[in-house]
Structure formats: C-alpha cells, structure tokens
Amino acid sequence: MGTRVFGEPVKRREDARLLTGRGRYLDDLGRDALAAAFVRSPHAHARILDIDVSGALDVDGLVAVYTWEDLPGRVGEPLPLLIPHPALTHGRTGYPLARDVVRHVGEPVVMVVARDRYLAEDAAERIRVEYEPLPAVVGIENAERAEHLVHDDVPGNVGAVLHQETGDAAAAIDAAPHTLEFRLSIERSASTPLEGRGVYARWDADDGSLRVYSSTQASTSVRAAIAARLGLPNGKVEVVAPDVGGGFGVKIVHPWPEEVLVPWAARLLDREVKWTEDRREHFVSAAHERGQLQDVRVGFDDAGRVLGLDVRILHDHGAYTPYGIIIPIVTSTQLLGPYKIGAYRAEVVSLYTNTLIVTPYRGAGRPQGVFCMERTMDRIARHLGLDRADVRAANFIQPDEFPYDQGLTFQDGRPLVYDSGDYPELLRKARELIGWDGFEAEREAAARRGRRIGIGIGVYVEGTGVGPYEGGHVEIDTAGRVHVSTGLTSQGQGHETAFAQIAAEELGVPIRDVHVTTGDTRRFGYAVGTFASRAAVMSGNAIAAACRKVREKALRIAGEALEADPRDLEITDGVVHVRGDLSASVPLRTVAVLSNPLRYAFDDETAAATQFAVGRPPTEPPVAEGDEPGLEGRGYYSPVRSTFAAGAHAAIVETDPDTAEIAILRYAVVHDCGRLINPMVVEGQIHGGVAQGVGGALYERMVYDESGQLVNASFMDFLMPYATEIPRIETDHLETPSPLNPLGIKGAGEAGVIPVSAVIAAAVEDAEGLRVEAMPLSPDALYELRERASGEPGLRVRDAPPDGRAEPGGQLAAGLSGALPPSERGR
C-alpha cells in the first residue's frame with residue numbers, strides 16, 4: 001500500500017495558505033456586487049405598526065428596499081423547522097423579514113440594497129419603523145411562570161415536553177440508602193467565530209441559474225433550501241462554501257433569512273448582491289446556546305453506585321425553534337456518560353423567550369449534560385466521604401459490556417447504544433497524567449506558601465458520526481493526481497489533511513498527489529453537513545469506499561496491461577506493480593490514460609490510449625458492459641447508528657484569596673476517538689475545544705436585561721480567554737476502534753469543550769470548599785460565594801491558617817445556594 005500515512009502526525013496541508021493570507025473567505029468575493037443591509041428590531045417584543053421608507057429614497061445609490069409585504073410566495077413564508085420531533089408540539093419559526101410582530105432584538109424587519117454597504121447602511125438608518133412594545137419574556141424562570149407569552153398561540157411558552165425513561169427512577173430513588181436533590185445552572189453563550197455569516201449571490205439570466213457563496217456548514221442543504229424557496233430546480237442552483245473562518249455550530253442553521261433574501265434579490269435585480277455580517281449583528285441576530293436549569297434527584301448506595309436518577313431540564317430555546325429540540329435531546333441522553341445508571345428518567349421542558357434563537361454551539365447540549373452528571377458524581381463522593389475518582393469507577397460500564405444499550409433514543413432517532421470503549425483505562429490515564437494520587441501533598445505544599453489550589457476530574461461520552469449519510473468522489477487524472485471531493489464543508493477542522501491521508505493510504509499514493517475539495521455543490525451535490533463530530537466518520541468512510549472502487553479498477557486495468565492477475569498486484573507510491581517485483585509495473589497516471597479509450601490523441605499520454613495503440617479484444621466493446629470511462633469512483637457511507645467517542649479531563653486550579661481570580665495551572669486530556677487518522681489534528685481539535693470550554697466555564701455569558709436587551713453585544717463586553725488564560729494542555733490517546741465503520745474511527749471535533757465546565761467547577765470547589773452549581777464562574781460570582789459562606793455561622797472558605805496546616809473549612813452550596821455539610825468533605 002506504500003508509505004503509511006493513516007495514523008501519522010502529518011502537518012496540516014491547509015495551514016500554509018491560510019496563515020500567509022491566501023485564504024479565500026466570503027468577504028473576499030463580490031467586490032463589485034451590490035450590498036445589502038438590514039433594519040433590525042431594537043425591541044425584544046413588539047408589534048409593528050408602520051414602516052416608513054420615504055427617508056431612504058433620497059440616498060444616492062439606493063437600489064431597492066424590501067419589507068415582508070414585498071416578498072412573493074414561498075420567499076415570504078416562515079423559515080423551515082429543520083428537525084421536527086413528536087415532542088415539539090408548538091414549533092415556531094420566524095419570517096425572513098418580520099411580519100406584524102418582532103420577538104427578539106435583532107430580528108430583521110427591512111432589507112436595503114444599495115451600490116455599496118456604506119450607502120445601504122445610510123439608507124437603513126433613515127427608515128422609520130413604528131412599534132408598539134409588548135412585555136418581554138426573559139430568562140428560563142420567567143418563561144416557565146408564563147405571566148406573558150412569546151407567541152400568543154403557545155400556552156405556557158412551552159414549545160416541547162420530552163420524556164425518556166429506563167426503569168422506575170422514582171421508586172429506585174425512594175428505596176436507595178442515600179438521596180440528594182439540587183439544582184444546576186448553565187448560562188447562555190455563543191460561538192462567535194472570527195468570520196461572521198455572509199452570503200453572495202449572482203444570477204445568470206441566460207440559463208436561469210444561480211450561484212451562491214455562503215459562509216456555511218451545510219452547502220448542499222443551503223442549495224436545497226434556496227431552490228425550494230425560489231422555485232428553482234436543484235440543478236440550477238450552485239452553492240459554494242469558500243474558506244470559512246470558523247463555524248462551531250452557528251453556521252449549520254439553514255437557511256438564514258439572508259440566505260433566502262440575498263439570492264432572491266440577485267435574481268429579481270439581475271445583479272450580484274452580497275451581505276456580510278458585522279459583529280453586533282452576529283451577537284443579536286445569529287444564534288446562542290447553553291442556557292439550562294437542571295433539577296436533579298439521585299439515589300445511591302454506600303459505594304456511590306447510582307441506583308436511580310431523575311433530572312428535569314428547563315431549556316431556553318429563544319424566540320423560535322428552527323433547529324428543533326436537538327440540543328436538549330442530546331443533553332438528556334449524553335448526560336448518562338460512561339455510567340451504568342440503575343434507573344433513569346429525564347424530562348425536558350423547552351421554553352420560548354424573547355431572546356435570540358438557540359442552536360448548536362460546539363458541544364451542542366453535551367456540556368450541559370456532562371456538567372449535570374459529573375457534578376452529581378462529585379456530590380455523591382462528598383456525601384459519602386469517598387474519592388471522587390473511585391465513585392466514577394464504581395459506576396463505569398466495563399470494557400466487556402459493549403455494545404452497551406442505554407435504553408434511550410439518541411438525536412439521530414436511533415437507539416443509544418455505545419459501540420466500544422474502555423472507560424476505566426481512560427480514568428487511569430487521566431489520573432496519572434494530572435497526578436491525582438499525589439495531589440494532597442501538592443495541596444499542602446501550596447497551602448504552606450499561602451496558595452489555594454484544587455483538583456477536578458470529569459469523564460464523558462460523546463455521540464459522533466451522526467447520519468444519515470455522506471459521500472465522496474475520487475478521480476485519478478492522467479498526471480497521476482488524485483482529486484477527492486466531498487459535499488460537507490470545512491471550517492478549520494483539517495479535512496484537507498485527514499481526507500488526503502485516507503485517500504493516500506487506500507490508494508497507495510504519495511499524499512502530496514492528493515487534492516481535496518469540500519463544500520462545493522458543483523463538485524459533489526449530495527451531503528448533510530459538518531456538525532456533531534461527524535466529518536471523519538462519515539466522509540472519511542465514504543472517501544475510503546470510493547478509493548477502494550478506484551483501486552479495484554486500477555488493479556484490473558493494470559493487470560490487463562501487465563498480463564498479471566490483479567490479485568497479485570499492489571500500489572506503491574503511485575505505481576502499480578507485481579507484489580515483490582517493481583520491474584513489472586505501470587504508473588497510476590498511465591492506468592488513468594488506459595481507463596479512457598480514445599479516438600483522438602491530445603498529447604503523448606493520451607496517444608497511448610487511442611484505438612490503434614491499445615484496446616480490448618475485437619469481440620468485446622472498448623468500454624466493458626457495466627464499466628465507465630475514467631479512473632474514478634463514488635462512495636457513500638450511511639451508518640446504522642452513531643459511534644460514541646469518550647474521554648477524561650482533569651485540571652488543577654488556583655484561586656486568589658483576595659481577588660477571587662481563577663487560574664488554571666494544569667489541564668490534562670485523555671481521548672478515545674477510535675483509530676486515529678492524524679494525532680496532531682486530533683490534539684489541535686482538543687486544544688481548541690478546551691480553550692472554548694475555558695471560555696464557557698469562566699468568561700462567556702450572554703447578559704440580557706429585563707427588557708430583552710443584550711447588554712454585552714460586543715467584544716468590549718463579551719469576555720473570552722486569551723492565550724494567557726489557556727494553560728498548556730497535556731494529552732494522551734486511547735484507541736478502541738469502532739466496529740460500526742470500516743475505518744474503525746469515531747469523531748473528535750467537539751471533545752475538547754464538553755467536560756470543561758464540570759472539571760473546572762470541581763477543581764474550584766475543591767480549592768475553595770464552596771459548592772459550585774452554576775457556570776460560568778467569574779471572580780465576582782466566586783466572591784459572592786465566599787461572602788455567603790462567611791455570613792453563615794460555622795462556615796468559612798478553605799484557607800491556609802498561620803501554622804501552615806490546610807484548613808478543610810466550611811463549604812457552601814453555590815449555584816448560589818446552601819451549605820455543604822461536613823459529611824461531604826474529602827477528595
């Protein structure tokens with residue numbers, strides 16, 4: 001098969017181009033196009049009384065102004081509800097331009113098209129919209145109280161109620177020797193990629209075709225949506241995702257209002273039209289994630305084994321539900337993690353609020369679920385006075401128990417069955433990497449120097465490789481170049497490298513000869529999209545299948561040329577040869593020539609394939625029945641169900657006694673994504689994910705006031721970690737191949753972010769002696785926890801007393817709530 005590349009740390013091939021400014025992003029395109037801008041609602045909830053566009057008409061360079069009333073037929077209909085679900089009984093989506101009522105700040109009301117963006121913005125500012133403000137519903141608890149409604153026809157603001165249960169959780173908890181009840185909270189955050197959303201469209205009136213460039217994670221789905229809305233055949237719409245400066249989930253939604261309106265305007269005006277999002281627009285009109293309240297009731301035995309678990313999840317899905325209830329479904333199912341739970345019941349109540357829509361953000365419901373389960377494990381350990389790692393080990397699914405059926409239905413509509421794993425080994429490696437067993441000595445040494453440190457650990461399972469399918473096309477040209485195409489898009493994951501490694505390994509060619517194209521419907525027209533850590537599993541296996549077809553054909557043709565049995569041939573460095581005899585060989589580029597019988601010669605290479613130079617026996621056709629010209633193949637991969645990756649994270653943090661600042665001293669990750677295509681790419685994904693997880697744990701929050709105004713809608717106010725706040729991340733790998741796909745791989749893209757909030761919460765709790773039940777945890781929140789602890793008799797924060805001995809201190813239940821009793825102390 002040639003030089004091994006699968007599993008090797010090949011440097012990312014795309015980086016040289018991207019890092020030297022040769023990337024081609026949406027805003028690099030269409031410099032002469034007309035520009036669109038939008039008038040967006042300043043109110044969270046209001047009735048539109050009147051729209052006066054007369055002031056904009058005097059702007060020189062104005063081309064068009066559109067309101068909802070100008071949108072014909074399907075263009076003006078509500079946007080699609082992409083993922084219906086039986087539990088989503090009151091799904092609602094917005095209009096491309098608001099009709100009658102706006103339901104969140106930033107909702108588009110008027111579209112302006114002008115000669116350039118400056119003029120479009122000028123015209124937009126002159127448009128006057130008269131509103132009648134309505135009461136705003138902000139926050140999960142206000143939504144649940146339902147004193148006011150987001151949608152008049154949605155009782156109680158409840159969009160969906162979902163129940164899943166295995167066993168009788170209530171009875172198991174009631175009969176358990178120990179029980180605990182508590183509430184957990186995770187606030188809203190957002191993807192905030194470097195590049196915002198953007199759309200550029202041009203219409204070809206001569207052949208009635210439309211080409212659209214979009215900064216998207218789902219180019220084929222955007223094509224289908226545009227074609228449906230504009231009444232065009234799919235074949236007359238091309239959608240290309242150029243280089244995309246980050247997605248993280250926010251760009252999986254389709255179509256955005258702008259993805260309908262910009263192409264529609266381009267066709268109507270017969271001009272190129274472009275829109276790119278500014279940063280404030282992204283904050284108030286793209287999407288958020290994470291916001292949940294979780295009420296937990298758990299029963300367990302003396303060893304910490306969970307006998308019954310009941311979780312009620314209140315989920316804030318914002319003003320509309322274009323992406324259905326996938327996030328809380330994932331939360332409720334991935335919450336179980338690597339554990340065998342005696343009986344489990346989850347109730348999800350998904351609520352409307354007058355805030356921005358909630359759609360997947362890297363992790364997509366898993367960080368909330370893992371926060372719930374790992375905080376529960378820590379609570380059990382402290383209640384029993386047991387080591388937190390030992391309690392996790394006592395609940396693990398064992399390596400000989402796979403496949404393991406959790407008895408629930410996952411986000412793909414398939415049974416939640418784990419395919420493979422070794423969770424005890426993950427925990428062992430993480431304990432070793434972070435120095436878990438020797439930490440008490442480290443804590444005592446730090447305390448003698450007046451420092452306060454703590455340690456936390458978390459284990460998780462991540463459903464990856466979600467269906468329904470992906471495809472790949474592979475072609476070898478007459479120069480020996482291998483062209484690989486797949487329909488899913490890339491936003492920095494390293495697809496150009498990983499897919500090239502798969503193709504090079506399967507075909508036995510140098511990786512330098514492999515060229516990869518993603519996200520271009522002109523090259524590959526059928527795909528689902530890039531999300532849920534699915535690209536490597538889905539497109540990777542599809543590309544491998546296509547390569548195997550090409551390889552089989554290449555060996556057959558080479559066998560005819562070499563008069564050898566194809567079973568005796570192999571390919572090494574792009575040359576087909578008899579196994580063990582390189583002298584009897586033919587280059588793949590020549591095989592590509594021979595695969596296409598020609599009448600005409602265009603160069604020296606093609607001359608070798610003309611009808612008088614070479615051919616099949618005269619009794620047989622030049623192209624065999626059932627065969628096709630060319631050395632190319634197409635393959636698809638459609639899984640029975642998802643694969644399940646897993647990992648363990650651990651961290652050591654230091655909390656400042658005076659400022660309440662939290663510093664991460666060490667961070668360790670052990671990850672299992674099945675067979676590794678490229679460990680360097682996986683580590684890069686983990687590092688980036690951990691950085692986002694640190695942001696979600698300590699910095700990122702979307703702060704709405706009571707009227708529904710987002711008060712921190714800029715990078716001046718929305719905090720995120722810099723490189724100075726991200727520690728060196730120590731990584732190790734475990735490979736338990738998946739039996740569900742030929743390559744034995746699982747996904748890795750979201751792994752780094754998933755358990756970070758749980759791990760840091762555990763470490764801060766361990767350092768401070770304060771129970772942490774709400775994230776993110778900022779210095780002011782930690783300060784408030786300390787203040788509450790100092791106000792309760794007999795309680796105080798863990799500290800280092802003058803004689804140097806570590807003081808276990810009192811402990812406070814935060815979230816911000818009651819006290820941690822002495823019986824729950826201990827590591």
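The C-alpha centres of domain 1 and domain 2 lie 42 Å apart. This is a predicted model, in which local features need pLDDT of at least 70 and side-chain atom pairs count only at pLDDT 80 or more, while totals for chains, interfaces and linings use all residues. Residues are numbered from 1 along each chain as its sequence is written, and side-chain values use heavy atoms, with hydrogens and water left out.

**View 1. The two domains.** Domain 1 covers 288–466 + 640–786. Domain 2 covers 470–637. These bounds come from an automatic or database domain assignment. The contact (heavy atoms within 4.5 Å) takes 23 residues from domain 1 and 19 residues from domain 2.

**View 2. The buried area.** About 1,500 Å² is buried between domain 1 and domain 2. Buried area is the accessible area (1.4 Å probe) that two parts lose on being put together, summed over both. Carbon and sulfur atoms give 56% of it. In domain 1, Val-466, Ile-677 and Leu-743 lose the most area to domain 2. Together they make up 34% of what that side buries.

**View 3. Elements on the domain 1 side.** Strand 18 (453–464) and helix 17 (679–698) are the elements that give two or more residues to the side touching domain 2. Helices (H or I, at least four residues) and strands (E, at least two) are DSSP runs, numbered from the N terminus. Strand 18 gives the most, with 3 residues.
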